Amino acid sequence: MASNSTKSFLADAGYGEQELDANSALMELDKGLRSGKLGEQCEAVVRFPRLFQKYPFPILINSAFLKLADVFRVGMRCMSVKYLKHK
């Protein structure tokens with residue numbers, strides 16, 4: 001299952017043969033953001049500028065920034081909890 005999501009995730013990045021529409025590309029990046037693996041999350045974050053260049057639609061960019069903001073909000077909260085536990 002991971003290989004299927006990796007294939008479509010990489011296809012969106014321009015490494016595969018298949019081309020995704022804007023909504024599908026955003027959904028693939030969202031899957032990467034929600035992954036339990038830190039490497040996949042980081043890879044998804046760095047792929048967002050390519051998404052913005054390829055699909056410069058205001059509604060898509062707004063949705064993408066909301067997803068990114070949520071990831072950083074949750075991530076920051078998680079880091080805060082870890083910090084408080086160590087104090």
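Predicted model: local features only at pLDDT ≥ 70, side-chain atom pairs only at ≥ 80, totals over all residues.
Residues are numbered from 1 along each chain as its sequence is written, and side-chain values use heavy atoms, with hydrogens and water left out.

The protein contains four helices and zero strands, where helices (H or I, at least four residues) and strands (E, at least two) are DSSP runs numbered from the N terminus. The order of elements from the N terminus is α-α-α-α. Of the 87 residues, 28% are buried, a term that denotes a relative accessible area under 20%, with exposed meaning over 50% and partly exposed the range in between (1.4 Å probe, protein chains only). The accessible surface amounts to about 6,300 Å², and carbon and sulfur atoms contribute 63% of this area; such areas come from the Shrake-Rupley method with a 1.4 Å probe, and for residues only the protein chains shown count as cover. Among contacts (heavy atoms within 4.5 Å) with a separation of 6 or more, 48% join residues 24 or more positions apart.

Helix α2 (residues 22-33) packs against helix α3 (residues 38-54) at an angle of about 155°, and their axes are 7 Å apart. Axes are lines fitted to C-alpha atoms, for helices over the stretch in contact, and angles run from 0 to 180 degrees between N-to-C directions. On the α2 side, the contact involves Ala22, Ala25, Leu26, Leu29, Gly32 and Leu33, which meet Glu40, Gln41, Ala44, Val45, Arg47, Phe48 and Leu51 of α3. These residues comprise nine nonpolar, two polar and two charged; Ala, Val, Leu, Ile, Met, Phe, Trp, Tyr, Cys and Pro count as nonpolar, Asp, Glu, Lys and Arg as charged, and the others, Gly among them, as polar.

Two alanines of α2 were examined individually. Ala25, located in helix α2, is buried at 0% relative accessibility. Its C-alpha atom lies 9.8 Å from that of Phe48, 23 residues away along the chain. Ala22, also in helix α2, is buried with a relative accessible area of 16%. Beyond its neighbours within four places in sequence, Ala22 contacts Leu51, Tyr55, Phe57 and Leu60. The C-alpha atoms of Ala22 and Leu60 are 7.5 Å apart, although 38 residues separate the two in sequence.
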